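Hello,

Here is the structure I promised to pass on.

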Amino acid sequence: MADKLNGQKVLLCVAGGIAAYKALELVRRLREAGAEVQVAMTDGAQQFVTPLSFQALSGHPTRTSLWDSAAEASMGHIELARWADRVLIAPATAGVLAKLAHGLADDLVSTLCLATTAPLTLAPAMNQRMWQHPATQANLATLRSRGAQVIGPEEGLLAEGESGPGRLSEPAAIVAALAGSAAAAPTDAALQGLKIVVSAGPTFEDLDPVRYLGNRSSGKMGFAVADSAARRGANVVLVAGPVHLPTPAGVTRVDVRSAAQMRDAVFAALPADVYVGAAAVADYTPRVPATRKIKKSGESLALDLVRTPDILSEVAAQTQALKLVVGFAAETENLVEYARGKLMAKRLDLIVANRVGVADGGFESDRNAMTALWKDGQREFVAGPKTRLADELIDLIVERLQA
Ligand code: CTP
């Protein structure tokens, strides 16, 4: 609950992005939750919002410079870094993430972050291409590996008129996540202490140093399932293929690229109570990836591919039996019939079939409709956002665990 913030000293660092205006509401909400808030702004942030606005809302002078002798005389920046019980950067721009990842200390905010030992929470906001850039993702991975909590960004219309991941999470969601209650979802007694391994996203099978075989899986469904399970109290390991999605709060993420790596990561995460195979694992991989770039020659090219391990079947065949093994089936036709075949052939407890190749829903969409099948039952999930479908799937998993 938000009352976990009661009496906490929060240092809010505001970086320069159009979302800086939302940080004003954040101060108000943090104070409503009982936190004491001091604000530090980058030079860029001051192009969007004035220090005076933050001062009025926080009840403390806003810090804007390392070199302000009056401010330093009342509370030096090292003292301020020590004062904080937690540091929140919102919005966290690509530039700030890069500075923090590399330990630069060339302005007030980066210096404070280096000088504090308080837990760090980042709420990124930026243009979607900047968010998806490998440099930004690598910086985030570095910061996460040092224990930073990352909230958002959300998908949606960005200030530049484009759509995609990059919007600052809503202040209420940031405050809730900061308080350790990522959402209002109640923890579920049946999921408490249960270990769930989820695979998500595509796999990429390298052909040569520059090319790979991949597929259009976005990973959104698997990430939503991991998020829902973690929010409700499960201990979740998410084995993710190459996708650019933020790690859900409280989830342990392992990033992989190929089917073989995914298999190793899944088995390293076992034993577990439940396995949810939401990844679109490549069925075939090059027999021998070329060590040098394949040069063109001739009019056609035949690739020599071999089958990948079927991770789902192998998990289902484990001698250390899991309580529930859940597979996914993406089909363009004969949905129920094919999915039931896979349920039997792979000896699964549950299979979730969804139709791909349709206009609304499928791989890259935020929405989907799906049918879950088990030995003697079937349930339709009406079309809706993948986050809602994930919650409903977790409900069904709880039911099947208790059946
Ligand atoms: N799966 C897996 N390892 C593989 C291939 C698939 O674990 N090498 C899992 C997926 O995570 C998913 C399910 O199996 O849960 C999909 O089943 P699959 O038979 O691979 O479906 P398709 O690839 O769609 O099969 P087909 O191409 O024959 O329709």
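How much space lies in the second largest pocket? About 730 Å³. This is a predicted model, where local features need pLDDT of at least 70 and side-chain atom pairs count only at pLDDT 80 or more, while totals for chains, interfaces and linings use all residues. Residues are numbered from 1 along each chain as its sequence is written, and side-chain values use heavy atoms, with hydrogens and water left out.

On the pocket itself: the lining has 35 residues, and Ala279, Ala280, Val281, Phe328 and Ala330 lie nearest the centre. A pocket here is an open set of points on a 1 Å grid over the protein atoms alone where a 1.4 Å probe fits, with protein on both sides within 12 Å along at least five of seven lines; lining residues have an atom within 4 Å of a point. The volume is the space filled by probe spheres set on the points, which are joined across faces, edges and corners. Two or more lining residues come from each of α10 (220-231), β13 (274-277), α12 (311-316), β16 (324-331) and β17 (350-355); helices (H or I, at least four residues) and strands (E, at least two) are DSSP runs numbered from the N terminus. By type, the lining has 16 nonpolar, twelve polar and seven charged residues (Ala, Val, Leu, Ile, Met, Phe, Trp, Tyr, Cys and Pro are nonpolar, Asp, Glu, Lys and Arg charged, the others, Gly among them, polar).

Next, two helix pairs. Helix α5 (residues 94-102) packs on α8 (residues 134-145) at about 50°, with the axes 9 Å apart (axes are lines fitted to C-alpha atoms over the stretch in contact, and angles run from 0 to 180 degrees between N-to-C directions). The two are therefore oblique. Their contact residues comprise seven nonpolar, four polar and no charged. For α1 (residues 22-32) and α2 (residues 51-58), the angle is about 15° and the axes are 9 Å apart, so this pair is roughly parallel (under 35 degrees; over 145 is roughly antiparallel, 65 to 115 roughly perpendicular, the rest oblique).

Lastly, some backbone details. Most residues other than glycine have a negative phi, and most peptide bonds are trans. Alanine 90 and proline 91 are joined by a cis peptide bond with omega about -10°, and proline 91 lies in strand β3 (residues 86-92). Leucine 270 to proline 271 is also cis, omega near 5°. Asparagine 334, not a glycine, has a positive phi of about 40° and sits in the loop between β16 and α13 (335-345).

Best wishes
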